[in-house]
Amino acid sequence: MSELVTARIRSTATKLGLPHLAEGLQSLLGRADAGKLGYVDFLDLVLEEELALREDRRFRHALRISKLPHHKTLDDYDFSFQPELDPRKIRDLASLSFAETKTNVALLGPPGVGKTHIAVALAVAACKAGFTIYFTTLDDMVRQLKAADSIGRLSRKLQTYLRPHVLVVDEVGYLPLEREEGNLVFQLISKRYEKGSIILTSNKSFSEFGQVFGDEVLATAILDRLLHHCDVVPINGPSYRLTAIEGEAGVA
């Protein structure tokens, strides 16, 4: 292929927004020659490379704006440390049928058992599959909603938590809420009901949610919507963090 033709292809690819083709044309041509690819196969190769590049950019951008505290996956989770937790249940959730059917996921257990790790891993898997995701602690979400409500922008701020396909709400129950704060959570849960998935982590049992949300009736209304379509996963094993601390103390 002449340099003139090559330059014209690069220019056209740039104008069409195909950066990989523009930058990697020589490499692609070399692979086509080595594989003795026909015209259709070469076109397929170019399009596959561009698609993969765009998907990677989308995934990385989505992770950046998701507010996830880390990007750990299920491969990083030590299931052997939690023998009562069935790995098949978590692997089934990772198939993302919950996101497709707008089903919620509740991960319940004491601090340190890996609830947040699993929640984040499911969110990362959902993001990779093309679902939009967002992470927040319950405390931070309530604080943001209260601040918006105080200046008359509650409806606008709610959209932050309503837009994503999968919303992760971490640390439910670590700090009790006042009834007015619980009502803000109820508004959010009601608006997301059957419209998007929530992955919730909590160190409280559902019977204790009345204390969490400052009102038994309000807690019942929240749970009614959360649990109507919900996979509940109890994790009742030892704490990773406490074991690590005790191990360090033993070494010392």
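**Figure 1. The salt bridge between Lys 89 and Asp 231 in the predicted model.** The closest N and O atoms of Lys 89 and Asp 231 are 3.3 Å apart; a salt bridge is a side-chain nitrogen of Lys or Arg within 4 Å of a carboxyl oxygen of Asp or Glu. The pair links distant parts of the chain, since Lys 89 belongs to helix H4 and Asp 231 to strand E5 (residues 230–234), 142 residues apart. Helices (H or I, at least four residues) and strands (E, at least two) are DSSP runs, numbered from the N terminus. Lys 89 is partly exposed, with a relative accessible area of 29%, and Asp 231 is partly exposed at 23%. Buried means under 20% relative accessible area, exposed over 50%, and partly exposed in between (1.4 Å probe, protein chains only). This is a predicted model, in which local features need pLDDT of at least 70 and side-chain atom pairs count only at pLDDT 80 or more, while totals for chains, interfaces and linings use all residues. Residues are numbered from 1 along each chain as its sequence is written, and side-chain values use heavy atoms, with hydrogens and water left out.

**Figure 2. The salt bridge between Arg 179 and Asp 215.** Here the closest N and O atoms are 3.2 Å apart. Arg 179 lies in helix H9, whereas Asp 215 lies in the loop between helix H10 (209–212) and helix H11 (216–228). Arg 179 counts as partly exposed at 41% relative accessibility, but Asp 215 counts as buried at 19%.

**Figure 3. The surroundings of Glu 194.** Glu 194 is found in the loop between helix H9 (179–192) and strand E4 (197–202). Leaving out residues up to four places away in sequence, Glu 194 touches Lys 102, His 228 and His 229, where contact means heavy atoms within 4.5 Å. The side chains of Glu 194 and His 229 make a polar contact (2.7 Å). A polar contact is a pair of N or O atoms within 3.5 Å; within protein, one must be able to donate a hydrogen and the other to accept it, and residues adjacent in sequence count only if both atoms are side-chain atoms.

**Figure 4. The largest nonpolar core.** This core has 33 residues, and those with the most contacts inside it include Leu 68, Ile 118 and Ile 133. A nonpolar core is a set of buried Ala, Val, Leu, Ile, Met, Phe, Trp, Tyr and Cys residues joined through side-chain atoms within 4.5 Å. Helix H6 gives the most to this core, with 9 residues.
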